[in-house]
Every structure is written in structure tokens, then in C-alpha cells.
Amino acid sequence: MLEDAQRWTRTLEAEAALFEPLRRGARIGLVAEAIVAARPTRASELVVWERVETGMRAALEPYAGFESAAVDLLVALDEDGVRAFEGGREAGFTRTLRRLARGGHALFFARRSRSELEEAGYDDLLYEIGFAYLGTCR
Amino acid sequence: MLEGERKLPHLFRPGRLGRYAAPNLIKYGACCVSNYNTRDGYITPRELARTRVIAATGCGIITNQGAYPDPKGEGKSYFRQVALYDDKFLPQFEIIARSIHDAGAVAIQQILHAGRYGGIDLGYCVQPSVVPQTLPHFRPPREMSKEDIRRCIGEHVDAAKRAVRAGFDGLEVTSFMGYLLASFNSKFTNRRGDEYGGSIENRGRFMRELIDAVKQALPEHPLVVRLSGAELMDAWGGNSEDECFELMRQAASAGVDMISVTVGWQEAPESSIGRDVPPGHWNHLAARAKRSCPGIPIAFGNRLPSPVMADECIGRGEFDFWEVCRPLLADPELVHKAREDRLHEVRRCIGSLNCLSRVFRDLPYTCTMNPALGHEVEPEYAVTSAAVKKNIMVIGAGPAGMEFAITATRRGHAVTVYERSGAIGGNLLGYAARDLARPDDLMSIVRHYEVMAAKHGVEMKFGTEANAKFMRSVLHRYDVCVVAAGARTDMGAYAHVAGRERLVDALDVAQGRVQPGRRVAVIGGGKIGLAIAESLAKLGAQVTVVEADKRIAGDVMPTFKWRHMTWVEELGIAVRTSSRLESVSAAGALVVDAKGAPTEIAADTVIAAGPRKSNQELFAEFEWMVDELHGCGDALMPRGIDAAIHEGYRLGCRV
């Protein structure tokens, strides 16, 4: 599923309201944790969801490491996380992502500060996908 | 020997850290930065007053809160953290070291370079490798060069020397919760390809060089290192537990004099210190450290709030020093009460994490249970003998009323508390019983008031309804009346709701006066609505929460919101946000969302847990009947336990 950009575009359309507040050009990357943990190879890819004029568009892009990932937010999924989106089970993906975050199967790497993300319209999206489960000293 | 020392023979045994003798095996842990100091790192009178209280806690070793060691502030993690990168900071450190020694304790200064969580005044933080933040309020990372590493070690050594010149006996470097040392040790953040990254031997190199440099500079002074027994980041490429203990062995070989075992990173996906974690949960990590590093004293205290448990652990050889902080924030007299066999008088830390919630909002820390904490420098917060002794009546035996009554009694006033029900606790009693985390923590508040009211001679009159008629019956008997009658569900807020007479009051459910059915709609997704919803769902009810706001848990402590949201999901509680109640019928509740779309929620009980209203009527009724009329807690404005306790105390100090 992670590699199927067209299916992601359809999935994102199904939850279009959630992405509506995002500023044009806002980008979210989705990648398997195995790729994040290893040294990136030429074949490493991530799915990028990008807010465009007409809504959200998904595309596959090369992944060359944190520093060069041109995304605001990088969502890394462990094996359970990747499995959760296999086989066309992407419907209701925000709920799934929230469950994964709560269970420690999804981790969000922020490439922007909290205020920058909020200015870019991420507030509701971050809440829905489970940022509230990530905390300090708990 | 005092009775408590006899009962806790291990805890009150003399100990040793390097060449320094400690009177007992209790170490005050620098668990939390106070945020009381200036933005440029100078210690303030507020901090000095606070540290005088810390020095007097009776701990054998006292660790002063972490100072950042570098002039740039890359290591600075909190807005008002103290600094130790220059001699200009020394005079205040000298005062602190002296006050610790005056109290007979070993004085340790912690050096805290926050690394990944640092650079708070800068636009970046430093780490071994560029691994972006998972908590976006921290700064974007820059990779440290080898030159940066050398300089950083040098700054640690200079700060350590300064601390010793200020009079401290020893040093502590913290690898707690993902700070700089931890980020070098961990595979999660250390992805370097040079000799400081890769193998565990290489990842531990920074730590070993740091230990070696400090020990070479100050061989006579003990060095403590705080190290994770479990990062709780292993699922994300962090260190396994085995690797954590290998790093402890490296630290031991490098010459540290004590290892303080900690648990978890700030970004770990599971809780390590919240009150949902049972006391003693992490003790096995300390025991393993003890086995892994024979001959090195082990300090431990994560989620170990009880001196009795700590004494047993030391007796079993699981660790050597009980490291304690938050319980001493809640009750600075804890150690003395333990020595004097007065543990029943201890004011327990309830694990609300108010302290840390505030620190991570860049505010000075305070404590729900200790209203004087952070205000020690202000005479207005001191319990002093009252110049005019008064007869005082208090309406309501909830936390606000009891806190006031006990404080005022300690000042010499004669206080009588009139309570409608038959027990101390007010509304807290009902809600504490429904708490899913640890009801015993919240109930400890009630037990504390029962004990202290009896000790100080607060007169309790139960089963008394306070009203104008009652007031006339006691006319001129009292100089002061304090209305602490709490708050109730504002049923008037549902005046527009058709069928509102079917609504059940959340308070009636909490206190067991109403037994809800198996299908329940809870109107209101704040802390009260959630506590009710979660407890009913746990008992098997099918529960829907309806919240007018777009999110639930709006009035919940920031560090506990996630817990409620997790329970809601785990218990399968349905949530309808941005929705308001339209009508109630025998079939359930009709709610309407923000777009006006109606939804029927099948329910045999619809519980009103929405807005609350202060019980303020008595203010008007009593206005011309008593010399002084005051209020405190939810009776002024509905908030919660923190405001109730703090207001009760402040009024008690003042009246």
C-alpha cells in the first residue's frame, strides 16, 4: 500500500475535509521505519501527500534521509504499521494512524516547529492522527 | 533512634558517596528544572528560598537542579534554567552548597546539557546526528562535529570545576530522558559513521570521554551519571534494555562513582512516571543495574513514591540510594515524617504532573498538593501565627474548605467546618472513586485531610445544611465565614433541551445516587464527563460522549490529555464532537452537529456533565450576617482540585 500512490490519492480524497485547512504546498511523508533506520539506498522511497490547489495528491519520491526529505512531517511506520495499510485497508486511515500512534507503531518526525505547523494549517490534522499521544515526561 | 528509623532501618542507614559520608540512603533527585530563574541563567531569590526548603528535607544527598554548561545555550532546555558556564554565576551556587552542607547533606550539582531538547533560545539544537524531532516544540537538530564534541566535554569539565569551587562535593551528569548524553548513547539519535557512532562501544565513547575528563580534572569529587535502564524507544531503533545495561557497565568502567537509573525518553510512546504506572513498576531495572555494575552505588526512584517500599528494596539489595523528588515537592517534610513514624501525615504526590505540565509550558513549576512550592520567598505564603485569633466557620468539607480550615487552624484560629454530607472530601469523593488511573492517589487527599483535621483540632460538623436559617442560629458566634461549597452541574444550561427532565446529573452518578443503564450518553467531554464515561464503559456500558467543542479533554492537565484519549479509544467510547444536545427522550438523546445534522443516540440514561455552576448563593444570603465573608475553590468559579487546594491555602494564610 505504501508504494501505491494512486490509491493514496483516492484515500486522501475520502478524508478531504481534514486536509482542507492545509496551506498549498504542505507536504507529509509516509515511510517504513525499516527505511528510516537503515542507511537510505537509491531504491528507498517515501509516499508524499501534498496539498495542491485541487486537494491532496500522493506521489512516490526518493528517500535519501532525514536531511533531504522535503516534507513538513515524516510519518514512520513500523512493521505492524505498514501491515495495517496493506491489502486495501487504508479506509479510515486517520483512525488507523491514531491507533498506530497510540500503540507506538507510528512515529512522527517534525521538520517544522509546532508554530510553523500550526501556521501551515496542521492543527486539526495533527490532533486527528494522534499527536496528542506523544508527550513529554508522562 | 527514632521510631521511624527503627521501622525503616535500611533507608536511614548511613551511606557513602566517594569520600563523603551521607547520613542516610536518600538522594534528593534533580528531577525537574524549576524555571524560577532569570532568562540569562542567574539564580533568583525565589530559587534560593526554594533550595533552602530542599536542603532541609533531610535527604542524605541533595542534587541541585541541572545547570547548562555552555555560553551559547545549546544545552539550555528551559527558559529559566540556571547556567554554570561562567564564574559570574558562582555566588548563588555558593549559597546553595552552603545551605545543603548546613543541613548535613552531601551536595551534588547536576550539569544538564539537553542536547536534542536544548537550544531553547536558539533556532536549533545539537545532537550526534540529524534525527528530526518527534515532539515539534523542540528545535530542529544540527549534527555536532568532533570539534563540537571536544568543546562540549571541555565545557562540562569547566562547569564541574566551577561547581566544586562553589562548594559542591560532587557532580552529576544527566543522560535522562533523551538529553545530550542519552542521544549519543542511543541508536535512535546516534547515526554517526565516525568513532562516536555505530557500535555500542563507539556510541558510548562520548560518555566515557566525558566521565574520564571530569574525573581527571576532579579525581577527589564523586561523579554521578544518570542513565536509562530502559529508553522505551527500542521499537523506534533506540537501545534495547541489554544495550542500556552495557552502557552502564561502560560508565562504571570509566570511573563513575554512582549510577542513577532512570526510565524512558520524553518522546517514548509509553508512560513512565504518570500515576497510571503502578508504584514499583520499574524496580527491576534498578535491580538489574545493581547486578550489572557490582561495586557501584545505584540510585533509583522512578515511580517509587513510598519510603516503605524504598526501604524494602534497599533491604533486598535492589538499589543503594532511594532517589526521590516529586514526593518531596508535594511534602518537603516526607523524610522527617518517615523518621518520626508519622507517615500517615504525609501529603502524597498524586502524580498529576502539574509540575511538568507547567515546565513544558515555559512556566515556573508548582505542585497541586503543595501550594507554597515556588512561593517560599513570599511571606504571604508562610503559615504564621495570626495576630488576631478568630472564630471561623467553613461551609463545605471539600479540598478547598479543608485546606483552608487546616491552614487557618495552624495559625491559631478556631475553625469549624460544616458539611452537608457525612464525610470529608466533597465532590472529589465521587470522582476519585471513578478515576481509572489510581483512585488511591486521589483518595489520599481525603485521607490526608482527615488525619490533619484531627491532628490540628479542626471541628467537623457533618450532616449540616448551610442556609440562612442555619446562619441565623449561629449568628454572632463566628467572626469569619468561608464559603467553600463547591460547584454543581449547571442544569440551567439545558433549559432549551426538550425532555430535559430526563437528564441525570453527573454528580449523582459519580456519588452513586443514580445507577445508569447499559447504554449511556454523556453530555460533556471535559474531565468530569470523561471520568464518568470511562468508569461506566469499564463496567460494560455502551457509552457515547457528546462534546460541544471540537475536541474532548479541553480542561484536562496537558500531560494527562493523551491518557484520557487512550482510554476513550481502548474502552470503545464513541465520541461526537462539535455537537450539542437537542432533546432527550425514552429512546435516548438527539444531538446536532456543527452543520445542523441530527443524530439519534440510543441511550437509556443521558448524563449531564457539561458546564458547572458555582454554589454561590450563600454569599448573598450571608452578606449581612457575619463580619468577614470569603470564598474559595469551585464556589468562586468551577475549576478543579489544583485551584481548590491553592485558594484554600492562600486564604488560610491570609485571614
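Which residues does His10(B) touch, not counting residues up to four places away in sequence? The answer is Leu25(B), Asp311(B), Ile314(B) and Gly315(B), where contact means C-beta atoms, placed from the backbone, within 7 Å. This is a predicted model, in which local features need pLDDT of at least 70, side-chain atom pairs count only at pLDDT 80 or more, and totals for chains, interfaces and linings use all residues. Residues are numbered from 1 along each chain as its sequence is written, with chains lettered from A and ligands numbered from 1 in the order in which they are written.

**Around His10(B)**
- His10(B) sits in the loop between α1 (3-7) and β1 (15-17) of chain B; helices (H or I, at least four residues) and strands (E, at least two) are DSSP runs, numbered from the N terminus.
- Arg316(B) is 306 residues from His10(B) in sequence, and their C-alpha atoms are 9.5 Å apart.

**Helices α14(B) and α22(B)**
- The axes of α14 (residues 399-410) and α22 (residues 641-654) of chain B come within 7 Å and cross at roughly 25 degrees; axes are lines fitted to C-alpha atoms, for helices over the stretch in contact, and angles run from 0 to 180 degrees between N-to-C directions.
- α14(B) and α22(B) are therefore roughly parallel (angles under 35 degrees).
- Among the contact residues are Phe404(B) of α14(B) and Tyr649(B) of α22(B).

**Where chain A meets chain B**
- The contact takes 26 residues from chain A and 29 residues from chain B.
- On the side of chain A that touches chain B, β5(A) gives the most, with 4 residues.

Conventions:
Parallel < 35°, antiparallel > 145°, perpendicular 65-115°, else oblique. Contact = placed C-beta atoms within 7 Å.
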